[in-house]
Amino acid sequence: MDNIIVIAVLALGGLGLIAAVVLFFIASKFRVFEDPKIDEVEEALPSANCGGCGYPGCRAFAEATVKSAKENKSIEGLNCPVGGNDVMQTVGNILGLAVDATDPMIAVVRCNGSFAHTPAKVKYEGATSCAFAHALYGGEGGCQYGCLGLGDCVAACNFDAIHMNPETGLPEVNDKCTACNACVIACPRDIIELRKRGPKDKRIFVSCVNMEKGAAAKKNCEVACIGCSLCQKACAFDAITITNFLAYIDFNKCTLCRKCVEVCPTNAIHEINFKPRKPKPESAPEKTVVRKSETVEKEAVPAKEQIEKGDTKAPDATTEVKEDIKVTKE
Amino acid sequence: MGILKTFALGGVHPEENKLSSHAAIEVLPVPKQVIVPLGQNLGAPSKAIVKKGDKVKVGQLIAEAGGFISANIHSPVSGTVLKIDPAIDSTGYRRPCVFITVEGDEWDENIDKTDTLIPEIALTPEEIVNRIKSAGIVGLGGATFPTSVKLMPPPGKTAEFLIINGVECEPYLTSDHRVMLEKGQEIMVGIQILMKALKVEKAFIGIENNKKDAITYLSELSQSYQGIEVVPLKVQYPQGGEKQLIKAVVNREVPSGKLPIEVGCVVQNVGTALAVYEAVQKNKPLIERVVTVTGKGVKKPSNFLVRIGTPVEQLIEAAEGLPENTGKVISGGPMMGKSLTSLDAPVVKGTSGILIMEKEESGRKTESPCIRCSKCTYVCPMGLEPFLLAKAAKLGKFEMAENEMIMDCIECGSCQYTCPANIPLLDYLRLGKLKVGQAIRNRNKK
């Protein structure tokens with residue numbers, strides 16, 4: 001009887017020992033080392049998995065940062081647009097590297113061809129998809145560069161940051177935008193661009209991407225850029241270039257002086273979140289009307305939320321905006 | 001007559017509405033100004049070789065082929081080049097066009113303007129292909145694929161049969177029908193030329209059985225030409241599709257993603273055969289074509305011989321004007337045509353018809369949910385599942401669409417025509433093909 005117990009214990013014990021030794025060698029031979037910092041970095045990221053950084057998800061971005069930190073001793077060129085500077089600072093601390101602050105960006109819709117500005121000449125009744133309509137024809141209003149208004153950008157947004165305005169037929173970006181680039185890729189006409197958010201969210205941009213000659217552009221849309229180069233002449237900072245009858249403002253050079261906005265004959269250059277101008281005898285009232293659609297987007301964001309988010313915006317900045325809305329609505 | 005041949009899978013039979021089938025071809029007067037788009041063919045657009053102020057004659061080369069799959073463009077009128085500027089064309093986009101102000105009607109000296117039939121073919125096969133290439137001939141059935149490219153089979157492949165497409169399965173359109181009736185002799189010589197160029201012994205002319213007069217006439221003519229046989233076909237849409245026609249006539253199936261030459265066939269339209277005859281025997285480049293102007297509300301449904309570049313508006317005027325209740329003006333037939341966004345759009349090489357549809361007829365009906373009745377699957381001539389592909393494309397599942405062979409879709413629109421829920425299946429299929437095509441091209445680039 002004793003014998004059986006001894007044999008059983010020895011046999012099982014021996015098997016266990018052999019298995020343990022084999023497993024030990026296999027484990028050490030095929031060991032996959034994963035830097036614990038990857039987990040730490042991933043933890044710090046916003047877990048939006050939006051792909052805005054250029055990597056498929058936050059995990060891949062974390063792996064890329066850790067790899068870059070190890071190999072190049074820097075994480076330059078890697079940026080989480082959703083987390084912004086705060087998150088990148090945390091990531092830098094984890095990896096023991098200094099991180100340069102980047103300018104926060106926002107998606108900007110560069111088309112002002114609303115129903116009023118580009119009256120429809122034909123009626124579209126196909127599938128609700130900008131990509132399809134783009135392959136099919138120029139557009140209801142006739143501008144073959146302008147917004148088709150079928151909302152591919154809205155469908156692409158994971159952050160509830162872009163919506164169609166049923167009154168204008170154009171998409172509008174709100175403050176939730178994280179500059180993840182999804183709408184920029186979705187737009188078949190390259191209308192949406194990521195631009196600097198600007199100090200106190202002040203921005204100036206050309207709200208048109210029409211590359212036709214002035215007369216042809218103006219024929220379909222009264223607020224099109226006609227490439228007259230008045231803005232280029234007015235700009236003292238070389239920020240404006242004109243290619244293919246279309247002005248483009250380089251947001252790195254722009255100093256937000258607003259001179260170009262004043263000279264634009266078609267009101268194609270938009271200024272956002274500026275204080276209303278002091279009424280000048282001629283031009284002032286007209287300009288504020290044009291800015292209307294752009295300023296209304298601020299209305300959706302309660303002032304309190306912005307301050308809580310730690311925006312650099314002073315409380316009075318939001319009240320300014322509200323005043324602006326009042327002025328434009330009058 | 002026995003049972004008529006047709007293709008094996010699917011197909012629909014829309015109301016034929018061949019309103020203009022008894023209207024003889026009328027020569028439309030030369031317009032005051034023509035707008036000749038530089039991108040008229042499948043493939044690369046042509047490159048203009050004239051400039052503002054140049055004097056041109058009818059048949060003079062004004063734009064050269066911009067690549068291997070591209071075609072020359074000749075001046076359809078005589079006059080002065082006004083400008084080269086973007087203008088709206090049948091694609092709905094403003095694209096570069098040559099504007100020519102018409103002055104008189106002076107033809108290039110080398111063109112034989114007489115009607116005498118020249119049945120003897122003097123040129124060698126290579127010379128024929130070169131002549132067709134320089135004359136800028138493209139497939140006149142609508143796809144506008146350069147004809148000369150089709151006549152040069154890739155190395156290792158030989159053509160066995162030439163199939164001439166006289167099916168005209170699109171409802172309403174009658175331009176090919178009238179060409180067969182009025183230019184039968186020329187078509188026969190054109191076919192002989194194409195047979196010589198391809199070095200084939202046998203040619204079939206596929207004609208649907210709703211054009212009995214054309215079948216009888218061409219059958220009679222074919223007695224005196226060797227190797228040409230007329231094949232009457234059952235009326236079934238989309239029999240005019242290359243792959244369907246090959247299946248119907250010689251019972252061969254083109255493999256997925258391959259060209260008809262894979263099964264030894266080359267398909268050409270009857271209009272193309274006529275253009276080939278004119279180019280080879282009369283030295284006349286492709287400067288005019290027959291266009292049907294039709295529609296239920298049109299007072300005088302007609303077939304016009306029109307110079308390329310004539311604004312569509314003039315064709316409609318010649319057919320006694322646009323009816324009041326017009327909903328859409330379509331370039332092409334009701335199944336595969338494309339609605340125009342402007343009546344200033346010019347007639348191009350691929351314009352087979354101008355269809356004017358009434359509001360009630362053309363408007364889309366309210367869409368309701370798919371109940372998986374599988375009607376679209378039954379009618380798909382390519383054996384696809386349109387409801388599945390459309391859903392995949394709608395939801396952005398392009399990988400799935402690719403695996404389900406979305407690229408085999410010929411965009412015939414049978415699925416959308418038959419769908420009882422009025423789902424715009426073809427729209428989503430086209431969207432899917434567009435996206436999958438882009439993905440495949442990007443993949444091949446890498």
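Chain B of this predicted model contains 14 helices and 17 strands. Helices (H or I, at least four residues) and strands (E, at least two) are DSSP runs, numbered from the N terminus. The radius of gyration of chain B, taken over C-alpha atoms, is 21 Å, close to the 22 Å that the globule rule gives for 446 residues, so chain B is as compact as a globular protein of that length. The globule rule is 2.2 Å times the number of residues to the power 0.38. Along its principal axes, the C-alpha trace of chain B spans about 65 × 55 × 50 Å.

Six strands of chain B form an open sheet with mixed pairing. Their order is β1-β14-β13-β17-β15-β16. Strands pair if DSSP finds at least two bridges between them. At the edges lie β1 (25-27) and β16 (338-339) of chain B, each pairing on one side only. Helix α3 (residues 175-182) of chain B packs on the sheet and touches β1, β13, β14 (302-307) and β17 of chain B. Contact requires C-beta atoms, placed from the backbone, within 7 Å. Strands β13 (residues 288-294) and β17 (residues 353-358) of chain B run parallel, joined by three bridges. In this region, T294(B) stands opposite L355(B) in β17(B).

Chains A and B also touch, with 13 residues from chain A and 13 residues from chain B in the contact.

Residues are numbered from 1 along each chain as its sequence is written, while chains are lettered from A and ligands numbered from 1 in the order in which they are written. In this predicted model, local features need pLDDT of at least 70, side-chain atom pairs count only at pLDDT 80 or more, and totals for chains, interfaces and linings use all residues.

How values were computed:
Contact = placed C-beta atoms within 7 Å. Axes fitted to C-alpha atoms, helices over the stretch in contact; angles between N-to-C directions.
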